[in-house]
Amino acid sequence: MSLRPLFIRSCRSPPWRRMNEDDVVTAHAVSGLAQAARWRSRRTAVLLAALGAAAAAAFLLAVGQGAVAIGPGQILAILGGRVGLELPWTYESTQEAVLLAIRLPRACLGVLVGAALAAAGAALQGLFRNPLADPGLIGVSTGAALSAAAVIVLGVAPAALAGYALPPAAFAGGLAATLIVYRIATREGRTEVATMLLAGVALNAIAGAGLGLLVFVSDDQQLRDLNFWLLGSLGGVTWKTLLPAAPLMLLPALGLTLFARHLNAFLLGETEALHLGFDVEAAKRRIVVLAALTVGASVALTGVIGFVGLVVPHLIRLAVGPDHRILLPASMLLGASLLLVADLLARSLVLPAELPIGILTSCVGGPFFLWLLVRRRGPEAW
Amino acid sequence: MLSASNVRFARGDREILRGVSLALTPGELVAVIGPNGAGKSTLLQLLSGALAARGGAVTLDGAPLNRWCRQALARRRAVLSQTATLGFPFRVLDVVLLGRSPHAGRAAHRDDLQVAEAAMRETGILHLADRVYTTLSGGERQRVQLARALAQIWPASDGEGGRYLLLDEPTNNLDLAHQHAILQIGRRLAGRGTGVLAILHDPNLAALHADRIAVLKDGAILIDGLPDTVLTETTLAAAFGLAVTVRRHPTRDCPYVVPA
């Protein structure tokens, strides 16, 4: 073919490369860009370190505060005592019992749920190319809550197994809701904001009706349990209920971070991600499943806690931009801290009663959502 | 060579392409023109591999596109589509670096930065590197997306083979200066060995910048040849159903078209 020589020549001596090597100015500009990139990655490292420190501080605060106060040193001493370490702080046996049986599992749950909801929120927002895709707003959490509530009230699982049946049931409900919203809102690779939110409204209404029906047919004990799903709470968790669900929350949330590069490309558009060489359909399916899994497991243990997945990634984006390689881990850290603090407020604001945490996050998240709508400038400017 | 041979495509019962053959070779700029709904964008999506043909074959260097590894294909051809909308506040440099995705694990970050810088210089947006994409004007955004596409297919030192750039109505919604700027960039790339295919609406833009023009009408190629042979009063009347007058450009050696 007559074009073969042209082709071979372009292989042997890429003309652009040649131009670059001759161009002295280029070297300066690149070092400028490299310097800016280095400066920004340093800033990112500082942010991640600060968020990690904040999460650790929130954890110590959460396990230390309450009717029985436990100081940070005493916390270390109790934990050290469990593994045979003698530390110079003294503590009472009630403090040890409260910390080990109540506060620690509750704080661990807070960390896991906060990280799970924030990671799922960030990932769904990337997938939908829309910063309003909170797992609660688009019906994922309510879908999960509905099927978890059905397990309780309809008693499809024997009581002894109910704890194990809840996470998979909640996962299935969350997955179904995610897929329905995605299918309805996405046409030719583009997700329409309005359609997605409206589909979420409709799903929330349907799931709400289902929950109402379950309330209607349930007895007093079931009613109390159901209330828990409707409002959300970290209370009453034990190691026995936490441990089987913990990997179901943590592993999918960590798994989402593996799709950071895919999500970055998705922000350009699905077709663009395809052109960049990503297996778009497979990545989409996996992201949806992982997000539904982590949200479903969270909902199974705590009920519906709204707006964490909306607010947290947004704050991180304001600080370091939308790069998911940073956004996902940073959101998980901030989500964990925020949920620990919110839970601390929930159990100390109206002593001796306990405020459901879902009410608290909605009190903060609702106005935040309105603020997002008001400050939006154009149809695609976020 | 990136080539479509006798490709067919249908949406439901509606046949969009009925046996189209078009080849793109490194070093040439080919313009595809034709009336709305002629199947131009579909043809480009088939050439890019985003859609699969119902009949016929699309091949790159003789191998069907679906036999190519996704990343290897992405390093050889890039697409500037009309649908590229980015509503998240990435910085321009980060958008251009997204073009390096198919090179992950093959090139050092420093090399990626070098390529991104060269691509931004090529499209004249180096001064925007640190700006937030969502604050740019339409013309600037288009040049950022073009730089991203260039970064994607920037020749590596190992020289993997000819590069191809597919532009889907790259001049849409751009002012006169930006329209020509985009096509001049395409022209320069072709001059250095990239095969460039651009879907255009304005025959005069095609006449000024293209080596070859293909006219698509009702899902078939009406004519494919040099601008002087394609842009005639009879051909354009047949393609667009509009009487036109064709004259010589006053300063350039090419035809120009105005409605009669």
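Two residues are taken to be in contact if their C-beta atoms, placed from the backbone, lie within 7 Å. On that basis, 65% of the contacts in chain B with a separation of 6 or more come from residues 24 or more positions apart. All of this is read off a predicted model.

As for overall build, chain B carries 9 helices and 12 strands. Its radius of gyration is 18 Å, close to the 18 Å that the globule rule gives for 260 residues, so chain B is as compact as a globular protein of that length. Along the principal axes, the C-alpha atoms fill a box of roughly 55 × 40 × 35 Å. Of the 260 residues in chain B, 52% count as buried.

Now to a sheet in chain B. Four strands line up in the order β2-β1-β4-β5 to give an open sheet, with antiparallel pairing. The edges are taken by β2 (14-24) and β5 (63-64) of chain B; each has a single partner strand, so one side of each is left without a neighbour in the sheet. In general, strands of a sheet pair through backbone hydrogen bonds, either parallel or antiparallel. Here, β1 of chain B (residues 2-11) runs antiparallel to β2(B), and the two are joined over 8 bridges.

Helix α1 of chain B, spanning residues 40-48, lies across β1, β2 and β4 (55-60) of chain B. Its direction makes an angle of about 125° with β1(B).

Key: Residues are numbered from 1 along each chain as its sequence is written. Chains are lettered from A and ligands numbered from 1 in the order in which they are written. This is a predicted model: local features need pLDDT of at least 70, side-chain atom pairs count only at pLDDT 80 or more; totals for chains, interfaces and linings use all residues. Two strands pair if DSSP finds at least two bridges between them. Axes are lines fitted to C-alpha atoms, for helices over the stretch in contact, and angles run from 0 to 180 degrees between N-to-C directions. The radius of gyration is taken over C-alpha atoms; the globule rule is 2.2 Å times the number of residues to the power 0.38. A residue is buried if 20 or more other C-beta atoms lie within 10 Å of its own, exposed if 12 or fewer, and partly exposed in between; C-beta atoms are placed from the backbone.
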